[in-house]
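I opened this entry to look up two things.

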Amino acid sequence: MSDPDRRIWLDGELVPWGEATVHILSHSMARGSLVFDYMSVHDTERGQALFRVDDHVDRFLTSCELVGLPLRYDRPTLISACVEAARNNPGARVVKLNAFLPSVEVDVVPVDDHVAVAAAAYDPWQDVSARKATPPPRAAKTVRLWLEKETRQRRPDIMHPHAKVAANYASPMVAKWRARQRGYDEVLLVDEQGMLAEGPTTNFFLVDGEGTLRTPAEQSVLLGVTRRSIIELAQAQGRKVVEERIAPDALWVASEAFLTGTSAGVWPIASIDDRPIGGECPGPVGAALGSRFREVTAGEVPEFAHWLTYVAEVG
Ligand code: PMP
């Protein structure tokens, strides 16, 4: 399916891809008030399936609440919107759910507080102009990271890190762009105390000398659905997992480290600031969790079958 044939769920109607537009002066453009969530669609033996759609919709509802957007849709309607978008766009790899203020506004507080909702199902590496840019992280086997030291990114007193709102991506964009110009693939951000936080669109994990999986505590990161899934998969394999504040020094004694996210899956970190992390990359723990995660998303693990919603099988 190519982009002109795709349909976007917009306030209950399926509209052609090219018609799902907003005015340049709309509130969401001007103030970065767009709230969104982004979930993956997988091929399985039972057809296409959405990964943890209910958890993504719950995070979307939390984001809208933190930003104060008066959403008019309930949880079941939003879940159906995502499923319907996927069903009507065969071959889609992701669903992006958006809540936005389409009204042209003057002030920071909109006079017209109508929040529109759009669910777009597509293949980001085929349908969107992103294909002109970098290859998908899944295609790049390992990542060279830059540790951002100039800007402390995650500031709950400015905008809560748990809100997936466009405005929260401005400062990571600046940091990542700078890192790209320096020849790195990605950037690792720190919180307001200088502790490790996350990537612009990924969570961070390291494996310490004892084999324990460590990841920054919930307060300074977006609550990644992949992060939660990796924690649960690791625990199911009997591995100890600790969510805590992690100082940058821990990087240099880690036996391995990786990023996780809807686009990235499990993405092994080769080096940070040109210093190799641990021994071989991918390390054994990240590689094992990455392949377990792929089996789960492909619907091959009955224990975690409840994480998948089969597009053709729900009303
Ligand atoms: N942190 C941030 C800031 C993100 O935007 C994302 C992508 N949604 C993640 C972490 C990873 O979250 P998920 O595993 O749900 O994709």
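I started with the ligand. In this predicted model, 16 residues surround the ligand. I noted the closest: Tyr169, Glu198, Val225, Thr226 and Thr262.

Next I checked polar atoms. Tyr169 has a polar side-chain atom 2.4 Å from an oxygen atom of the ligand. The side chain of Thr226 also faces a ligand oxygen, with an N or O atom 2.6 Å from that oxygen. For Glu198, I found a side-chain N or O atom 2.7 Å from a nitrogen atom of the ligand.

How much of the ligand does the protein bury? Alone, the ligand exposes 390 Å², and the protein buries 96% of that.

I then sorted the shell. I counted eight polar residues, four nonpolar and four charged. Helix H2 (53-67) supplies at least two shell residues, and so does helix H5 (225-236).

I moved on to strand S12, residues 256-261. Six of its six residues are buried, so I logged the strand as mostly covered, with buried meaning under 20% relative accessible area. Glu256, Phe258 and Thr260 point one way. Ala257, Leu259 and Gly261 point the other way.

Which strands pair with S12? Strand S9 (residues 203-207) does, antiparallel, over five bridges. In that pairing I found Val207 bridged to Glu256 of S12. Strand S13 (residues 265-272) also pairs with S12 in the antiparallel sense, over four bridges. There, Phe258 has Pro268 of S13 as its bridge partner.

Last, I traced the link from S12 to S13. A hairpin joins the two strands through three residues.

Technical notes
Residues are numbered from 1 along each chain as its sequence is written. This is a predicted model: local features need pLDDT of at least 70, side-chain atom pairs count only at pLDDT 80 or more; totals for chains, interfaces and linings use all residues. Side-chain values use heavy atoms; hydrogens and water are left out. A residue is near a molecule or strand if one of its heavy atoms lies within 4 Å of it. A polar contact is a pair of N or O atoms within 3.5 Å; within protein, one must be able to donate a hydrogen and the other to accept it, and residues adjacent in sequence count only if both atoms are side-chain atoms. Accessible areas come from the Shrake-Rupley method with a 1.4 Å probe; for residues, only the protein chains shown count as cover. Ala, Val, Leu, Ile, Met, Phe, Trp, Tyr, Cys and Pro count as nonpolar, Asp, Glu, Lys and Arg as charged, and the others, Gly among them, as polar. Buried means under 20% relative accessible area, exposed over 50%, partly exposed in between (1.4 Å probe, protein chains only). Two strands pair if DSSP finds at least two bridges between them.
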